[in-house]
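Hi,

Here's the structure I promised to pass along.

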Amino acid sequence: MSRTADGTLIGVSSTLAATKDAAGFVALTFTDVGQVVDIGEIGATFADVTTYNLSSRDVVHLKGSRDWNETPITVDNDRTDAGQVILRDHHNETKVDDRVAIKITHQNGDVEYFETLVYSFTSAALAQDTIYRANVSMRIMPGTYVFVAA
């Protein structure tokens with residue numbers, strides 16, 4: 001069934017799950033990230049590995065290594081928003097190598113959990129008649145993605 005993304009929430013935790021399963025993530029306390037405008041693609045892409053069969057003239061495609069894609073998030077930049085502060089703190093020099101746990105709750109109750117590093121937290125749209133925004137870039141850490149159906 002098709003649905004809009006309206007009502008989707010994202011939470012962040014500086015504490016990581018003791019176990020990388022639903023129970024481990026559910027045990028965490030997440031802080032809402034406020035004023036989220038957009039959450040980009042979440043998931044992995046496999047490399048296309050090709051080989052050639054001379055007798056049939058076919059190109060054969062196989063799945064290679066898995067790459068957990070960049071997951072961009074756009075927010076209306078709010079330096080007082082507790083969730084944005086956690087993300088910003090994990091981008092700066094003091095916590096630059098520390099992971100955060102992410103919880104994305106969809107309007108139908110589905111939840112996606114994962115751990116990530118915050119690769120960027122940059123200001124955007126600094127022009128007249130625009131909203132002062134920030135672009136946040138994350139990548140899912142292998143072995144940490146968990147989907148829980150409603």
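This is a predicted model: local features need pLDDT of at least 70, side-chain atom pairs count only at pLDDT 80 or more; totals for chains, interfaces and linings use all residues.

I'll start with the rings. The structure has three aromatic pairs. One of them joins F30 and Y113, with 6.0 Å from centre to centre and 40 degrees between the planes, which puts the pair in the tilted class. That pair bridges distant parts of the chain: F30 sits in the loop between α1 (22-26) and β2 (31-32), Y113 belongs to strand β8 (residues 111-124), and 83 residues separate the two. Both F30 and Y113 are buried. If you bring F25 into view as well, you'll see that F25, F30 and Y113 make up one aromatic cluster.

There's also a charge over a ring: K63 lies over the face of F46, 4.1 Å from the ring centre.

Now for the pockets. What lines the largest one? R3, T4, A5, T8, V36, V37, D38, I39, G40, I42, I104 and H106 do. The space in this largest pocket comes to about 200 Å³. Strand β3 (residues 36-39) gives the largest share of the lining, with four residues. Sorted by class, the lining of the largest pocket has six nonpolar residues, four polar ones and two charged ones.

So which bits would I click on? Strand β3, for its four residues in the pocket lining, and the F25, F30 and Y113 cluster.

That's what I have for now.

Cheers

Technical notes: Residues are numbered from 1 along each chain as its sequence is written. Side-chain values use heavy atoms; hydrogens and water are left out. On a 1 Å grid over the protein atoms alone, a cavity is a set of points where a 1.4 Å probe fits but cannot get out, and a pocket is an open set with protein on both sides within 12 Å along at least five of seven lines; lining residues have an atom within 4 Å of a point. Grid points are joined across faces, edges and corners, and a volume is the space filled by probe spheres set on the points. Ala, Val, Leu, Ile, Met, Phe, Trp, Tyr, Cys and Pro count as nonpolar, Asp, Glu, Lys and Arg as charged, and the others, Gly among them, as polar. Rings of Phe, Tyr and Trp (its six-membered ring) pair if their centres lie within 6.5 Å; planes under 30 degrees apart count as stacked, over 60 as edge-to-face and the rest as tilted. Buried means under 20% relative accessible area, exposed over 50%, partly exposed in between (1.4 Å probe, protein chains only). A charge sits over a ring if NZ of Lys or CZ of Arg is within 6 Å of the ring centre and within 35 degrees of the ring normal.
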